Amino acid sequence: MGFERQTQRSVRSWFAFYLALLLSVGIRALAEIRYSIPEEVQDGTVVGNVAKDLGLDVTSLIGRRFRVVSESKDAFFEVNQNNGALYVHKKIDREELCHGSGACLMELKVIVENPLEIHYLVVEITDVNDHSPNFPETEQIFQIFEQTLPGRRFQLHTARDPDAGINSIRTYTLTLNDHFEVDIRQSDEDKIPFLVLKKSLDREQKNKHTLLVTAVDGGKPPKSGTLNISIIVLDSNDNRPMFSQETYQIALQENVPIGTSVFRMNATDPDEGANGEIEYSLGKTLKKKVYDIFELNKLTGEIIVKGVVDYEENEVYKLDVEASDKGTPPLTGECRVIIKIKDVNDNPPEIEVTSLSNTVSEDLKPGTVISLISVRDKDSGVNGKIISSVTSDVPFELKPSYKENIYSVVTKDFLDREKVSYYEITIKATDCGEPPLSTFKTLNIHISDVNDNRPQFSQNPLQFYLVENNIAGNSIFSVSATDNDTNDNAAISYHIVREGIQNDIMTFLNINSDNGHITALKSFDFETLKTFQFQVVASDSGTPSLSSNVTVNVFILDQNDNAPVILYPVSSNGSAEGVEEIPRNVNAGHLVTKVRAYDADIGYNGWLLFSLQEVTDHSLFGLDRYTGRIRTLRSFTETDEAEHKLVILVKDNGNVSLSATATVMVKVVEPKEAFAASDVKSATKDDEDSNVTFYLMITLGSVSTLFLISIIVLIAMQCSKSTEYTSKYLQETNYDGTLCHSIQYRSGEKRYMLVGPRMSVGSTIVPGSHANTLMLPDRRTPGEYLD
């Protein structure tokens with residue numbers, strides 16, 4: 001019996017030493033406390049008790065001082081030094097402090113002295129409906145023609161309300177009428193009102209309408225603002241100008257002097273005033289040359305020559321003339337003027353493209369014909385003799401044909417679309433007159449693609465990091481390849497290589513063949529799977545198709561999806577409850593019991609903190625927030641209760657903390673009773689203790705063996721490590737807690753270890769990993785992986 005108890009004490013001492021060793025290198029993390037108050041609260045309003053929320057009791061505040069530090073120059077908050085309560089020191093106006101409709105947050109630092117601690121507070125200032133909607137102007141005027149069709153929209157002034165959320169503007173209303181209604185368009189966070197015409201206006205019946213627009217916010221009670229609307233109805237123009245005839249024909253000799261008057265237009269409009277005043281203009285769809293040669297006086301209707309008139313260029317000009325009044329809206333009348341040009345001899349050469357391949361393949365051989373051209377000159381003799389050539393620096397040349405003035409354009413070098421995809425071939429034709437006249441012609445040649453480039457990935461292999469518990473069926477990441485070809489030759493499709501891979505993970509992966517988006521048909525669990533690898537092939541749509549592949553390494557990242565599990569105390573029915581008996585004569589610091597818990601997550605997600613959620617007497621018991629040990633804070637007195645209830649909250653350190661609770665009932669007994677109860681317990685559980693001792697001895701032996709093997713391996717690695725692999729220890733000052741797991745990844749020539757709050761000396765933090773990834777020197781042979 002004594003040997004078994006001694007063995008149990010040895011096991012406990014070994015575990016206590018091991019846990020203390022882990023805690024000795026930990027760094028305490030500072031929690032963030034959040035409060036919420038409405039704006040414009042009175043001075044002295046209590047926001048919350050900082051000391052209580054930090055787990056400090058009243059007796060521990062003696063001699064300590066609180067100080068609030070804020071980024072704002074105004075000191076809006078103070079802390080009561082007696083009870084640790086945070087209260088409003090100065091009236092807060094949310095609209096002055098935070099502009100916009102988003103959350104109004106004030107970040108504070110609470111500095112606690114003796115000993116020095118820094119804690120972070122976030123106070124949210126909620127909105128109060130203390131402003132009414134307000135329009136920038138009191139009145140808005142619109143002028144609308146009586147023939148305006150229903151459905152026409154007119155933008156109204158937008159009201160402004162500095163309040164946020166439900167207290168901002170909710171709707172606009174319009175006084176009841178037959179012709180107009182109000183419509184609201186949502187733009188970002190603003191509601192823009194529009195006045196919509198729902199029935200045509202009649203100026204002869206009513207030439208002015210007066211309306212009232214009201215902006216209403218969503219407060220309780222709601223507040224509002226008004227805008228006066230005045231609608232002025234304008235008269236319409238209902239007669240169009242008319243010409244005396246639809247077509248006019250005129251003869252004109254080429255090369256007439258610039259400024260010569262060709263013809264004077266005349267149109268009439270029976271309307272009066274601006275509706276009867278006429279302006280003339282040329283049609284908008286005429287050839288550009290017409291505008292270069294002729295101009296039309298918009299007031300008199302006179303057609304004047306302003307450019308050179310050439311018979312050989314064009315023997316007939318057709319001018320569309322419009323006559324428009326000045327009504328609102330204006331009405332127009334049209335006629336056509338046909339100007340026939342009489343010939344004079346002055347012709348330059350002409351180039352005609354009889355056949356042209358605008359698009360040619362890049363794999364053409366030199367000497368391939370891409371175009372046939374002919375040149376001619378309407379003049380005769382020497383003035384009609386033509387010399388042609390290619391003037392631009394391009395891989396094309398002219399080859400004369402068997403017939404005079406007929407040429408073929410052929411390739412004189414190999415083409416490469418990836419270098420030059422477009423050419424402009426300039427052909428010059430010059431006659432032999434004095435002075436010689438020349439003509440230029442440009443051929444636009446596009447080079448079509450041939451599938452001579454395979455898809456390329458930006459890097460190989462690719463590495464992706466995926467947070468566990470992804471939504472099944474959603475895209476988790478994507479791969480992308482590029483192809484220097486175009487069209488179908490660059491149309492890339494993707495697929496996952498599944499042949500020969502004995503991995504069930506591949507059956508849960510799908511890839512969009514068009515865009516490379518990879519979806520997972522299952523949700524991954526970090527605690528089950530840490531990493532996997534597969535290959536993606538990118539193929540173009542050319543004939544024949546070209547392809548390339550890439551290796552994809554996927555690393556699963558941990559998420560806080562496991563709540564802490566209470567290991568001790570656990571009652572017979574499985575609940576986290578236990579009863580501890582202690583003698584009444586124990587001194588301060590006596591170890592009552594230790595709450596043990598486990599979290600399956602890693603890093604911060606698995607780092608557990610213990611706190612007293614409920615205790616009958618704060619002065620009697622204390623809880624170590626890191627180890628879960630419950631100790632007495634003082635000796636018991638005759639007036640202390642004989643039974644105490646302690647509720648311990650165990651929570652992890654994830655972004656959204658998960659927690660569990662354990663209940664410990666502490667019974668205070670007289671020393672003799674405690675010894676007697678202890679003897680009875682020992683007598684009734686001898687067999688059970690023997691089994692527990694046996695299992696503890698096996699566990700101790702296994703853990704010790706693994707620990708010794710780890711030490712030997714680490715020493716061997718350190719001895720074999722060369723100088724270039726010497727790592728530096730980078731400590732993150734904000735990292736503390738208990739390390740629960742460490743996971744190692746391998747990628748290429750580097751190893752990655754995901755760790756919790758503690759990091760082993762000799763590990764190096766990879767830049768950009770946020771202290772969650774360690775890179776270890778890789779001294780293994782290729783193909784060797786971590787277990």
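**View 1. Cysteines of the predicted model.** Taking a disulfide as a pair of cysteine sulfur atoms within 2.5 Å, the count for this predicted model comes to zero. Cys335 is buried at 6% relative accessibility, whereas Cys432 is partly exposed at 30%; here buried means under 20% relative accessible area, exposed over 50%, and partly exposed in between, with a 1.4 Å probe and protein chains only. Residues are numbered from 1 along each chain as its sequence is written, and side-chain values use heavy atoms, with hydrogens and water left out. Because the model is predicted, local features need pLDDT of at least 70 and side-chain atom pairs count only at pLDDT 80 or more, while totals for chains, interfaces and linings use all residues.

**View 2. The protein chain as a whole.** The protein chain has six helices and 53 strands, where helices (H or I, at least four residues) and strands (E, at least two) are DSSP runs numbered from the N terminus. Of its 787 residues, 40% are buried. With contact meaning heavy atoms within 4.5 Å, residues 24 or more positions apart account for 65% of the contacts that have a separation of 6 or more.

**View 3. The open sheet β9-β12-β11.** Three strands, in the order β9-β12-β11, form an open sheet with antiparallel pairing, two strands being paired if DSSP finds at least two bridges between them. The edge strands, β9 (153-155) and β11 (180-187), each pair on one side only, and the twist averages 35 degrees from one strand to the next, with axes fitted as lines to C-alpha atoms and angles running from 0 to 180 degrees between N-to-C directions. Three bridges join β9 to β12 (residues 190-197) in the antiparallel sense, and Arg153 stands opposite Val196 in β12.

**View 4. The largest nonpolar core.** This core has 28 residues, of which Val479, Leu509, Phe534 and Val536 touch the most other members; a nonpolar core is a set of buried Ala, Val, Leu, Ile, Met, Phe, Trp, Tyr and Cys residues joined through side-chain atoms within 4.5 Å. Elements giving two or more residues to the core include β33 (462-467), β39 (531-539) and β40 (547-557). Leaving aside residues up to four places away in sequence, Val479 touches Phe457, Leu462, Phe464, Tyr494, Ile511, Asn515, Gly516, Ile518, Val536 and Val552. In soluble globular proteins, nonpolar side chains tend to be buried together.

**View 5. Thr442 in strand β31.** Thr442 belongs to strand β31 (residues 438-448) and is partly exposed, with a relative accessible area of 38%. Not counting residues up to four places away in sequence, Thr442 touches Glu424, Ile425 and Thr426. The C-alpha atoms of Thr442 and Val390 are separated by 9.6 Å, although these residues are 52 residues apart along the chain.

View 6. His644 is in strand β48 (residues 643-652) and is buried, at 2% relative accessibility. Its side chain makes a polar contact with that of Thr616 at 2.9 Å, a polar contact being a pair of N or O atoms within 3.5 Å in which, within protein, one must be able to donate a hydrogen and the other to accept it, and residues adjacent in sequence count only if both atoms are side-chain atoms. Thr627, in the loop between β46 (621-623) and β47 (629-632), is buried at 5% relative accessibility, and a polar atom of its side chain lies 3.3 Å from the backbone nitrogen of Arg629.
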